[in-house]
Amino acid sequence: MPLKTFVREIGNISKKSSERKRHKLGLGRAYIAPEASSSSPSSSAGSSKQGQWANLPRELLLDIIQRVEARETCWPGKKDVVACASVCRSWREITKEIVKTPEQCGFLTFPISLKQPGPRDTPIQCFVRRERAISTYRLYMGLSPAPSGDLSKLLLAAKKVRRATSSYFVISLVGDDFSRSSYNYVGKLRSNFLGTKFNIFDCQPPDDSTVRSSFQSCWKTRFKQVPPRVPTSNYNTADISYELNVLRTRGPRRMQCTMHSIPISAIEEGGIAPTPVAFNCHDKDSSSLLDAEGKSARVGFNSTGYGKPLKSVQSAPLVLKNKAPRWHEQLQCWCLNFKGRVTVASVKNFQLVAAVEPSQNVRAVEQEKVILQFGKIGEDIFTLDYRYPLSAFQAFAICLSSFDTKPVCE
């Protein structure tokens, strides 16, 4: 049987299994079959239905999934790799062993890849589409909408919510579900009244245990019932500040990002940034919200409004600043080398590099390396390129702040 036909058959079986489970359990999203166990009759029944796939030899599974992963290097072909991970638990564990992180391979395969740092050498290239009418912003994988067309892979979506004294962006894995009590919720970006200071909140605590202990959890606003196994906490992982420009002087606006979850040592040679391997906050946080009767408890609003991070005991946090542009005498404008990725002049265009103190002994090459690049290429179309140690979620949240900055910062 050809490999392509074999993978298509696996995908069909996975799809039929998901539909059967959703019909039986009344679930609204895709269901991944658990590992079969002989301890219960229901598990035995599941094993008999998927035994021809779950009981394949490990060496054969490794060979099959390695071939599929090596053949599909971009979306929408990557969905075949995801289909292999959806067959059963044994397939899923082997697929997780084979598929590398974005830092190692430069590709985004699973949803958790959006929380993992990008590659060190070449940036991951994406683009953002803004929909003004509904205040929605969508992050897609690809160089630009033109060559990608309808095959663009949606990575993240954000919706702007206005309040009397502030506004915030809810970031989701899908483009039509922005509820903070949903499985698709991954975090939010919150601004102050002037739109000069922003906080990035992640629904998942930092992966590094030493950094994780230095964070305070910020409970969701409003008193309401929280469904079990749903993210219930927000962790302040980064702060963004724009410099006030009250006199409206010429020149680009200045910004600074303090990444509390990333140590400054991550940009050094051999440095490591926190790399989560699963969305473990769904299971971890929900258990503490169940009372003695098994019902979900009510959680209230933190009076501070923000989860204030404490200083890490290991290293100072990574601080990013926008790269200083140069004044072009002939063009009479401020210029940056975007290497062809930005074609329209805009105050939202920026490049972020590491802000390093002389005492930190970081090489000059690492200080000049552009970690995040954002710029305009058309009407409501922007490019976004990021690299290590930022993740797609962090890069997207930082770029969202440029859409909410008030004129006093421009």
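User: Which conventions apply to the residues and side chains?

Analyst: Residues are numbered from 1 along each chain as its sequence is written, and side-chain values use heavy atoms, without hydrogens and water. Because the model is predicted, local features need pLDDT of at least 70 and side-chain atom pairs count only at pLDDT 80 or more, while totals for chains, interfaces and linings use all residues.

User: How many residues has the largest nonpolar core, and which have the most contacts inside it?

Analyst: A nonpolar core is a set of buried Ala, Val, Leu, Ile, Met, Phe, Trp, Tyr and Cys residues joined through side-chain atoms within 4.5 Å. Buried means under 20% relative accessible area, exposed over 50%, and partly exposed in between (1.4 Å probe, protein chains only). Here the largest core has 52 residues, with Leu372 and Ile398 making the most contacts inside it. A second, separate core of 15 residues includes Val68 and Phe110.

User: How many salt bridges are there, and where do Arg130 and Asp380 lie?

Analyst: Side chains of opposite charge can pair when their charged atoms come close. The criterion is a side-chain nitrogen of Lys or Arg within 4 Å of a carboxyl oxygen of Asp or Glu, and the count comes to 15. In one of them, the closest N and O atoms of Arg130 and Asp380 are 2.8 Å apart. Arg130 lies in strand β1 and Asp380 in the loop between β16 and β17, so the pair ties together parts 250 residues apart in sequence. Strands (E, at least two residues) are DSSP runs, numbered from the N terminus.

User: Is Arg130 buried or exposed?

Analyst: Arg130 is buried, at 10% relative accessible area.

Methods: Helix = DSSP H or I, 4+ residues; strand = E, 2+ residues; numbered from the N terminus.
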